[in-house]
Amino acid sequence: MTLTEKLLARASGKASVQAGDNIWVNADVLMTHDVCGPGTIGVFKREFGKTAKVWDKQKIVIIPDHYIFTADSKSNRNVDILRDFANEQGLPYFYDVIDDPKGHWVFDAVKGNMKKQYGSRYAGVCHAALPAKGHTRPGEVLFGTDSHTCMAGAFNQFATGIGNTDAGFVMGTGKLLIKVPETMRFRLEGKLQPGVMAKDIILHCIGEIGFDGATYRAMQFDGEGAKTLSMDDRMTIANMAIEAGGKNGIFEFDSRTAEYVDARVKLNGTKANYTPVEADKNQKFVSELIVDLSQLEPTVACHPDPGQRKKAKEMNQKLDRAYVGSCTGGKTSDFIEFARILRGKKVVIDTFGVPATPEIIRDLQTTYWGNETIWDVMVNAGVQMTENAGCAACLGGPVDTFGRINKSGINCISATNRNFPGRMGDKESKVFLASPATVAASALTGKVTDPREFVGK
Ligand code: SF4
């Protein structure tokens with residue numbers, strides 16, 4: 001069995017499963033957020049009754065993160081609906097925007113977008129917050145009401161996005177009917193060269209198979225090259241399995257996985273025991289692609305979908321805007337590579353930076369390079385850095401969302417994960433997906449630029 005088959009066999013209590021089997025799977029964690037949480041709660045109450053209790057309150061994680069820093073009253077109200085539900089059910093893992101359990105969330109537009117407006121429990125973007133808060137464990141099953149839930153496959157778990165109806169059902173029963181996906185293998189070999197990042201690996205892979213090339217399939221990333229990747233790198237890659245239509249992305253378990261997970265469950269006092277899955281010797285794959293990491297170059301996914309692959313060095317695309325952020329591209333390591341290229345220089349186009357979590361902001365504001373923090377390096381280069389960690393303009397959002405594209409015809413290079421028309425706001429704008437290093441180099445020149453022109457200079 002492949003990693004995904006082994007995980008699903010275990011979660012369904014069977015000795016073995018194969019692609020195409022329909023099986024009932026037990027969930028270890030159900031995650032929802034402010035966009036889908038109210039709908040999920042509505043389905044749960046409608047189907048299980050107004051006074052029903054969730055199947056296991058230790059296994060439900062609610063993370064408001066999407067439409068948070070906006071004066072839009074309906075968006076603010078969604079956070080209040082989540083708080084009411086968490087109070088009613090006694091849920092321990094609700095990462096509220098505010099500290100008052102009886103309060104109401106109202107974004108203060110007068111204070112503006114740049115300075116933080118959240119309380120001590122706020123966790124930021126759900127997919128970055130889940131591992132940081134100790135909710136991702138190898139060998140487990142995670143369902144989330146968000147397509148990029150697949151990011152947690154980096155931790156050797158079966159993680160996939162589901163709709164509100166399915167999530168309402170999981171909330172009541174802890175189970176879900178799943179068809180076992182076929183597995184596509186991506187065997188990574190070699191090591192990335194300077195200036196090339198994990199984002200380039202996944203953009204390369206999606207470019208090979210197309211944005212629907214892994215539809216309802218597991219994307220398994222393994223091989224010696226995978227072992228060289230940090231957990232942040234693996235998260236970037238697993239996150240974008242859905243951008244090829246994948247059911248899930250998955251990595252093998254190793255000492256890096258253990259180190260990260262053990263530290264996080266200890267820090268947060270979450271469940272500490274887990275059993276990873278190991279690949280069998282005779283795995284059956286529907287396809288196999290060998291990727292030599294040492295041969296990869298900075299890569300861009302052009303408008304209008306994540307499969308439109310080009311090499312940065314071969315492009316001459318003029319840009320109006322640059323954006324670094326999201327679950328995919330807003331991690332500490334992403335900002336480090338972004339800042340490394342910007343250091344001592346000035347951006348020439350509007351450039352926005354949105355860290356994924358408050359913890360990442362702390363990292364950036366307390367780590368010094370000489371006399372400057374990494375945060376200062378970016379601000380001094382002209383980047384508009386917000387302390388309001390969250391999804392922000394990654395998916396457009398209400399019109400007052402920080403970094404949202406509100407003007408027609410804008411060309412934006414972005415370290416986010418999705419670029420279908422209208423994704424970051426205006427439908428006539430174009431989004432070019434790239435690594436944080438490529439975004440930085442491009443922000444310095446105003447056109448898509450290979451970051452190796454700046455690496456080491
Ligand atoms: S940062 Fe973007 S991709 Fe990630 S969860 Fe938020 S909207 Fe989705």
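**A tour from a strand pair to the ligand**

Begin by selecting Thr32 in this predicted model, and look across to strand 3, where its bridge partner is Ile62. If you extend the selection to strand 2, residues 29-32, you will find that this strand and strand 3 pair in the parallel sense, over three bridges.

Next, show the whole sheet, which is open and is formed by four strands in the order 3-2-4-5, with parallel pairing. Strand 3 (60-62) and strand 5 (158-161) are at its edges, and each has a single partner strand, so one side of each is left without a neighbour in the sheet. Ignoring direction, neighbouring strands here are turned against each other by 15 degrees on average.

Move on to the ligand, which is surrounded by 13 residues, the closest being Ser326, Cys327, Cys391, Cys394 and Leu395. Helix 4 (126-132) and helix 10 (326-329) each supply at least two residues of this shell, whose members divide into six nonpolar, six polar and one charged. Colour the domains to see why the ligand lies between domain 1 (3-177) and domain 3 (305-453): both give residues to the shell around it.

Finally, select Arg418, in the loop between strand 18 (411-414) and strand 19 (430-433). Is Arg418 buried or exposed? With 22 other C-beta atoms within 10 Å, Arg418 is buried. Leaving aside neighbours within four places in sequence, Arg418 is in contact with Glu243, Pro306 and Arg423. Arg418 and Met240 are 178 residues apart in sequence, yet 8.4 Å apart in space, C-alpha to C-alpha.

Methods:
Residues are numbered from 1 along each chain as its sequence is written. This is a predicted model: local features need pLDDT of at least 70, side-chain atom pairs count only at pLDDT 80 or more; totals for chains, interfaces and linings use all residues. A residue is near a molecule or strand if its C-beta atom, placed from the backbone, lies within 6 Å of it. Ala, Val, Leu, Ile, Met, Phe, Trp, Tyr, Cys and Pro count as nonpolar, Asp, Glu, Lys and Arg as charged, and the others, Gly among them, as polar. Domain bounds come from an automatic or database domain assignment. A residue is buried if 20 or more other C-beta atoms lie within 10 Å of its own, exposed if 12 or fewer, and partly exposed in between; C-beta atoms are placed from the backbone. Two residues are in contact if their C-beta atoms, placed from the backbone, lie within 7 Å. Two strands pair if DSSP finds at least two bridges between them. Axes are lines fitted to C-alpha atoms, for helices over the stretch in contact, and angles run from 0 to 180 degrees between N-to-C directions.
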